[in-house]
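Subject: Structure handover, salt bridges

Hello,

Here is the structure for your files. Please open it alongside this note.

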Amino acid sequence: MVQVGYSVPACLLLSEAARRYEDEPTPDFLVRAHGPWGNIETSVETWGGDGLDTFLASLAEDCRGWEGVRTWHSLCYDLTLSAEHHPGGHVQLTWGIRDRAPSEEWQFETKTVHAAGEDMRNLTAEIHTFIASAAE
């Protein structure tokens, strides 16, 4: 399980990485958000992690900053991530979770803030280990 961050009003958890079928390269994992308003969760399907750890690693490597917004999404867009570099050496991540098609009845977003550099490298390492655990 990876706790991505605590951001009032939500805490975001990624857990239970597993492959539905042993020979499939599409590990699923649960994403849960909880806060004083309630709890939501959805299953996220990825193709070998969809490069989430690579995306986070690129943010960590560019610790001096970048212009604009960088984005990532899972295979079915049930998890999205956008990143902005802010003055003072911080990265704001906006995590989007939505219900799977065909219903797509709800969407949820929360933001987490991480120190550029080491904090982002630690998050990248945790996500990499988490995704790799599905391959075992």
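Below are the salt bridges and the exposure of their residues.

First, the ground rules. This is a predicted model, where local features need pLDDT of at least 70, side-chain atom pairs count only at pLDDT 80 or more, and totals for chains, interfaces and linings use all residues. Residues are numbered from 1 along each chain as its sequence is written, and side-chain values use heavy atoms, leaving out hydrogens and water.

The structure has three salt bridges. A salt bridge here is a side-chain nitrogen of Lys or Arg within 4 Å of a carboxyl oxygen of Asp or Glu. Side chains of opposite charge can pair when their charged atoms come close.

Arginine 32 pairs with glutamate 41, at 2.9 Å from N to O. Arginine 32 is partly exposed at 23% relative accessibility. (Buried is under 20% relative accessible area, exposed is over 50%, and partly exposed is in between, with a 1.4 Å probe and protein chains only.) Glutamate 41 is also partly exposed, at 41%.

Arginine 70 bridges to aspartate 62, with 2.6 Å from N to O. Arginine 70 has a relative accessible area of 24%, so it counts as partly exposed. Aspartate 62 is partly exposed too, at 28%.

Glutamate 118 forms a salt bridge with arginine 121; their closest N and O atoms are 3.5 Å apart. Both residues sit in helix α2 (residues 118-135), three residues apart, or about one turn of the helix. Helices are DSSP runs of H or I, at least four residues, numbered from the N terminus. Glutamate 118 is partly exposed at 48%, and arginine 121 is partly exposed at 36%.

Best wishes

Terms used:
Helices (H or I, at least four residues) and strands (E, at least two) are DSSP runs, numbered from the N terminus.
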